[in-house]
Amino acid sequence: MPGRVLSVASECVPLVKTGGLADVVGALPKALAPLGWDMRVLIPAYRGLAAKLGRKTRTVWSDPALFGGPATVEAVEAQGLSLLLLDAPHLYDRPGGPYSDGGHDFPDNPERFAALSWVAASLARGGGTDGWVPDILHAHDWQAGFAPAYLRFGGAAPVKSVITIHNIAFQGHASPERLAALRLPLHEFHAGSLEYYGNLSSLKAGLVHADRITTVSPTYAEELMRPEFGMGLQGVIAARAEVVSGILNGVDTELWDPAAPGQAHPYSVQNRKPKAEARAALLAEFGLGPVEGPLAIVISRLTAQKGIDLIAAAAPEFLAGGGGLVVLGSGDPGLEHAMRGLAAAWPDRVGVKIGYDEALGHRMFAGGDVVLVPSRFEPCGLTQLYGLRYGTLPVVAATGGLADTVVHANTMALAAGTATGLTFHPTDVLALTQTLRRCLALFADRPTWARMQRAAMKSPVGWETSSRTYAALYADLLT
Ligand code: ADP
Ligand code: GLC
């Protein structure tokens, strides 16, 4: 049964990443290959990306006039991935990140990602020149949301489509005046198709027109059908409940391997010493003094979603109780300021680096005792999974994928030896404060802490189960 899948997204590790979407898009092909699925990943050729690959590419698609300029799709094998790079300089060859110039979103983002989706649909219809035609088109998030719609609008679709929601907070809104420019039929602008409260929404388009909808954890799949989490799309998703499923993300266990030779400070269940060394090195790197309590780490976009404001409020009591804190992230200027403020108030106990640094992230997972993820909502979350793998126990809000992956240290779980972290609810300062208090006490109980670390490191955070679930979903679509 296995076949071909065209995966379409705006990010893919190791080429371009702003968040967990990239990790997942980059990991899926490797996870599915052993099950016989041949997955290619279509992403935009952002500035410098082709040069970064520095290899021979094959042109497999071209159009002299794609949304205002010439474009080609270049196939290249790199980093263990079969990549398709959409090279359209007028859309992607510009300074800045994938979505913005650093400060403001690009005003033509609707066109930029509609073009990506248009090309995906064209390739899915057999438009490529190398004979590779997918059986399934797998679109990720709003950036690829129009792809299932273009497929549908182009007449009887020869391939099936799946859309995965990584984060409902981003919905790809655009003015309806852009309908024609985005090559969308005017008569599809109604509440049952492309319209969302007077605007266009590419995510909604995908949710309405894909054959299947998935999201990245079972709990988020349920949450999305409720107004508190659905962000206006709960009705659209609930109406299609029979084709919605939640498939937990895994992590790339080779890239995130605490025992890998390339790691600065390997740490294994058998040998606890290196964790202590990594911890000492991390404290030294940030110029912190001795920290007798748990060293908490935060590696995150600094946004309201991630509950960073709660950390600012709850940290002082935790720090006074002996804890330490190291933060790596960037985002909302107010939250960056709040984190810098903590570091200024607790220079011996709090280290903050504003920015993005993949290697430092690895060192922090190796050296931290606890990873804090007090998200208000979290479709899946990857940092708690990295934490489990490195014996850096997750302290997380009980929502979305966080609730699905961390076993709370209640009396029963502690007795059974299955506890892997601490979860709290609701996501507020009081609950986080109380949980950090509990964390200080648990950390002081060394045998219990070590037992939890062992359970955490045995947690199945790889793709073994979820790759089979995706494979079963694809197979089901083709029968
Ligand atoms: P989201 O995708 O919502 O941002 P996830 O937990 O799914 O959240 O994924 C975030 C990913 O980005 C993880 O791989 C995390 O380690 C990484 N990350 C986030 N911020 C930074 C940063 N400032 N530096 C390095 N890695 C980061
Ligand atoms: C999104 C979500 C995050 C999830 C990631 C990968 O960015 O916010 O929870 O882990 O996508 O699916």
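Hi everyone. A salt bridge here is a side-chain nitrogen of Lys or Arg within 4 Å of a carboxyl oxygen of Asp or Glu. Keep that in mind as we look at this structure, which is a predicted model.

By that definition, the structure holds 18 salt bridges. Let me start with Lys17 and Asp23, whose side chains meet in one, at 2.9 Å from N to O. Asp23 is buried, at 12% relative accessible area, while Lys17 is partly exposed, at 23%. Glu358 belongs here too: salt bridges with shared partners join Lys17, Asp23 and Glu358 into one network.

Now, Lys17 also takes us to ligand 1. A polar side-chain atom of Lys17 sits 2.8 Å from an oxygen atom of the ligand. Lys306 has such an atom 2.8 Å from a ligand oxygen, and for Arg301 the distance is 2.7 Å. How much of the ligand's accessible area does the protein cover? Of the 560 Å² that ligand 1 has on its own, 92%. In total, 19 residues surround the ligand, and β13 gives the largest share of that shell, with three residues. By class, we have five nonpolar, seven polar and seven charged residues.

Let me finish with two other salt bridges. Arg47 pairs with Asp93 at 2.7 Å, N to O. Both residues lie in loops, so this pair ties together parts that are 46 residues apart in sequence. Then there is Glu292 with Arg349, where the closest N and O atoms are 2.9 Å apart. Those two are in loops as well, so here the parts tied together are 57 residues apart. Glu292 is exposed, at 57% relative accessibility, whereas Arg349 is buried, at 16%. Thanks, everyone!

Methods: Residues are numbered from 1 along each chain as its sequence is written. Chains are lettered from A and ligands numbered from 1 in the order in which they are written. This is a predicted model: local features need pLDDT of at least 70, side-chain atom pairs count only at pLDDT 80 or more; totals for chains, interfaces and linings use all residues. Side-chain values use heavy atoms; hydrogens and water are left out. A residue is near a molecule or strand if one of its heavy atoms lies within 4 Å of it. A polar contact is a pair of N or O atoms within 3.5 Å; within protein, one must be able to donate a hydrogen and the other to accept it, and residues adjacent in sequence count only if both atoms are side-chain atoms. Accessible areas come from the Shrake-Rupley method with a 1.4 Å probe; for residues, only the protein chains shown count as cover. Helices (H or I, at least four residues) and strands (E, at least two) are DSSP runs, numbered from the N terminus. Ala, Val, Leu, Ile, Met, Phe, Trp, Tyr, Cys and Pro count as nonpolar, Asp, Glu, Lys and Arg as charged, and the others, Gly among them, as polar. Buried means under 20% relative accessible area, exposed over 50%, partly exposed in between (1.4 Å probe, protein chains only).
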